[in-house]
Amino acid sequence: MSAVSTLQGRLAEFDEKRLLLLATFVPFTLFFVLVWGVPIGYALGMSLFSDPTGAAEFAAFANYAGVLTSELFSTALFNSVVYALSSTILSLVLGLGLALVVNREITGGNALRTMMIFPYLLPTLVVIFMWTFLLDPNVGAVNQFLLDYGLVQEPLAFFSSTQWAMPAVVVASVWKYGSFAFFILLARLQAIDPNLYERARVEGASTWQAFRDITVPHLRGAILIIILVRGIWMFNKFDIIYLATRGGPLDATTTLPIMVYELAFRGSPNFGGATALAGIMFMLLAAVAVVYFWVFEPEQEVAN
Amino acid sequence: MLGLGKGPAGKYVSQRTQERVRRVSVILTALLVAIFVSIPVYVMIAIAFQPATTTFRGGTVNLLFDSFTFENFVLLFTDTGTPRYLFNSLIVTASSTLLATALSVAAGYGLTRFEFRGKTMAARAVLFAYMFSPIVLAIPLYVIFFTLGLLDSYFALTLALTGISAPFGIWLMWQYFQTVPIALEESAWIRGASRTRTLWEVVLPVARPGTIATAIFSFSVAWNDFTMARVVMSQDEMYPITVGASLFLDRVTIGWSETMAAAVLMSLPPFAIALFLQNYLLQGFNVGGLE
């Protein structure tokens with residue numbers, strides 16, 4: 001074997017490796033720069049100008065001050081927190097309950113699991129169609145049930161009453177997103193060594209004790225992640241609320257994402273305000289992400 | 001570890017009684033959840049496949065399914081923009097699924113197989129994007145696409161959809177490739193296969209389950225999407241089905257029967273995935289699931 005051909009082989013190998021390196025990293029980098037970096041940077045930039053899409057004028061933090069002091073902001077922030085907390089916790093309770101049930105390997109457990117996938121994959125619009133119909137004051141089955149059993153005297157217009165709109169949106173959200181917690185918790189449950197329960201039973205532990213001392217510690221990490229990640233997603237949820245109520249009635253379901261949309265696209269567009277609010281949401285998210293990275297170190301799963 | 005004998009329950013209630021109580025509560029929970037999940041689906045199907053005159057007979061709603069028809073679907077296709085909406089949905093869903101999956105597989109492979117500095121930063125960027133709010137991304141994308149004259153184009157929506165689906169896909173493939181032993185590739189190299197050939201003939205076949213999971217998640221993000229399409233598309237003939245059908249409820253000419261027929265059409269792909277591809281989907285949940 002001559003030295004030349006070895007060298008050529010090495011060069012070919014080197015080139016191929018470089019080509020692969022390019023083929024994998026260039027799209028990845030381009031993607032993050034073009035679809036994430038540029039828009040976010042652009043939005044943060046725009047948020048510092050008054051009327052950024054028209055006669056842009058540098059306004060420093062005037063947009064931020066305008067958004068933060070507006071009356072709607074505090075309402076929207078409050079609604080976002082209420083919506084995120086209630087829908088996350090209810091999804092978690094539902095998901096945990098059902099995961100414990102399916103993990104018991106009851107008859108029909110597999111059918112239940114398949115059934116749970118379906119709401120999660122359904123387009124949000126379909127979910128809203130279903131619940132708008134079910135909760136409709138004239139034709140809805142829920143109102144008919146309530147009337148038949150004398151629980152209410154008048155049909156309730158769930159999505160269009162200030163009192164019931166938020167609970168109605170939360171119910172529809174839990175219906176759709178409850179399975180997220182379910183699948184993650186089920187996977188964790190199935191990873192617990194069954195011998196632990198056997199030993200606990202032999203030693204006379206009650207069901208409750210076994211649950212408290214075996215199940216809960218194994219699920220703790222997953223539950224915290226669900227609260228954190230699901231909570232962030234629900235806090236930022238736009239489509240399900242917008243489709244159900246457009247943020248109404250009387251801003252009763254206007255959350256921060258709805259407010260961003262309204263600022264940008266309703267009436268006279270206010271992109272300065274919209275991007276400033278987006279910037280505020282970005283920073284809120286970044287703060288949560290810092291906690292997430294610091295406490296859970298999720299990057300350890302890939303970068304070791 | 002176990003606080004045995006401390007709790008009152010363990011002291012006073014026999015294990016057999018506990019087992020019975022548990023059994024009953026398990027079955028009760030299963031039943032309640034099954035009802036909660038299936039009633040809305042049943043209502044949708046019943047309204048879609050019954051003639052409107054049967055559903056709304058005599059002032060009350062009849063959901064007993066005593067007659068069956070496809071007339072709601074026929075009306076949906078002849079009287080509304082549904083065919084066009086479905087066509088638009090198919091185009092953007094297919095292209096963004098392809099783009100996001102290809103991007104995720106390539107990035108996942110590169111990120112696991114090459115050493116580089118800043119891996120932690122890359123992982124955090126991916127995770128941050130994965131948690132990000134679509135509407136916050138949609139606003140600047142709207143302005144950028146507006147400036148470039150790209151609003152109301154398949155290209156813009158495809159890019160926007162890939163933007164929200166690819167971070168999770170990348171994360172999934174990144175984790176997936178870690179489970180594919182590099183020894184497989186090394187043995188192929190030793191036998192003289194080039195890196196590229198190894199990639200096609202060894203790596204990609206082994207990575208197929210992860211790739212399918214990524215494709216399913218990207219597909220459902222795109223098929224499901226309302227937010228991005230609402231912002232990027234403003235002309236009726238460019239709307240995907242989610243945006244087009246969302247206007248049905250405001251139109252007096254379109255009733256619940258056609259609306260639910262549209263809902264059934266939109267539910268078909270998720271239904272097929274739940275039935276035939278659920279194992280791939282569950283694999284995706286092991287690394288986090290998606291919005």
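This is a predicted model: local features need pLDDT of at least 70, side-chain atom pairs count only at pLDDT 80 or more; totals for chains, interfaces and linings use all residues.
I'll start with the largest pocket. Its volume is about 1,000 Å³. Its lining has 35 residues, and those nearest the centre are A:Leu100, A:Arg104, A:Tyr197, A:Thr207 and B:Arg22. Which helix gives the most to this lining? That is H2(B), with 8 residues. Several helices of chain A supply at least two residues each, among them H3 (71-103) and H9 (207-235). Sorted by class, the lining has 16 nonpolar, 12 polar and 7 charged residues.

Next, the second largest pocket, with about 420 Å³ of space. Here 17 residues form the lining, and A:Trp131, A:Leu134, A:Ala141, A:Val142 and B:Ile39 lie nearest the centre. Helices H5 (124-134), H6 (141-148) and H7 of chain A give two or more residues, as does H2 of chain B. H6(A) has the largest share, 5 residues. The classes here are 15 nonpolar, 1 polar and 1 charged.

Now the cavities. The whole structure has 3 of 30 Å³ or more. H12(A) gives the most, 4 residues. The lining of this cavity has 8 nonpolar and 2 polar residues, and no charged ones.

Last, the surface. A:Leu22, A:Val26, A:Leu30, A:Val33, A:Leu34, A:Val38 and A:Tyr42 make a nonpolar patch of about 600 Å². A:Val33 sits in helix H1 (residues 3-46) of chain A.

Terms used:
Residues are numbered from 1 along each chain as its sequence is written. Chains are lettered from A and ligands numbered from 1 in the order in which they are written. Side-chain values use heavy atoms; hydrogens and water are left out. Patches are made of residues with over 30% relative accessible area and no salt bridge: like charges are joined within 9 Å, nonpolar side chains (Val, Leu, Ile, Met, Phe, Trp, Tyr) within 5 Å. Accessible areas come from the Shrake-Rupley method with a 1.4 Å probe; for residues, only the protein chains shown count as cover. A salt bridge is a side-chain nitrogen of Lys or Arg within 4 Å of a carboxyl oxygen of Asp or Glu. On a 1 Å grid over the protein atoms alone, a cavity is a set of points where a 1.4 Å probe fits but cannot get out, and a pocket is an open set with protein on both sides within 12 Å along at least five of seven lines; lining residues have an atom within 4 Å of a point. Grid points are joined across faces, edges and corners, and a volume is the space filled by probe spheres set on the points. Ala, Val, Leu, Ile, Met, Phe, Trp, Tyr, Cys and Pro count as nonpolar, Asp, Glu, Lys and Arg as charged, and the others, Gly among them, as polar.
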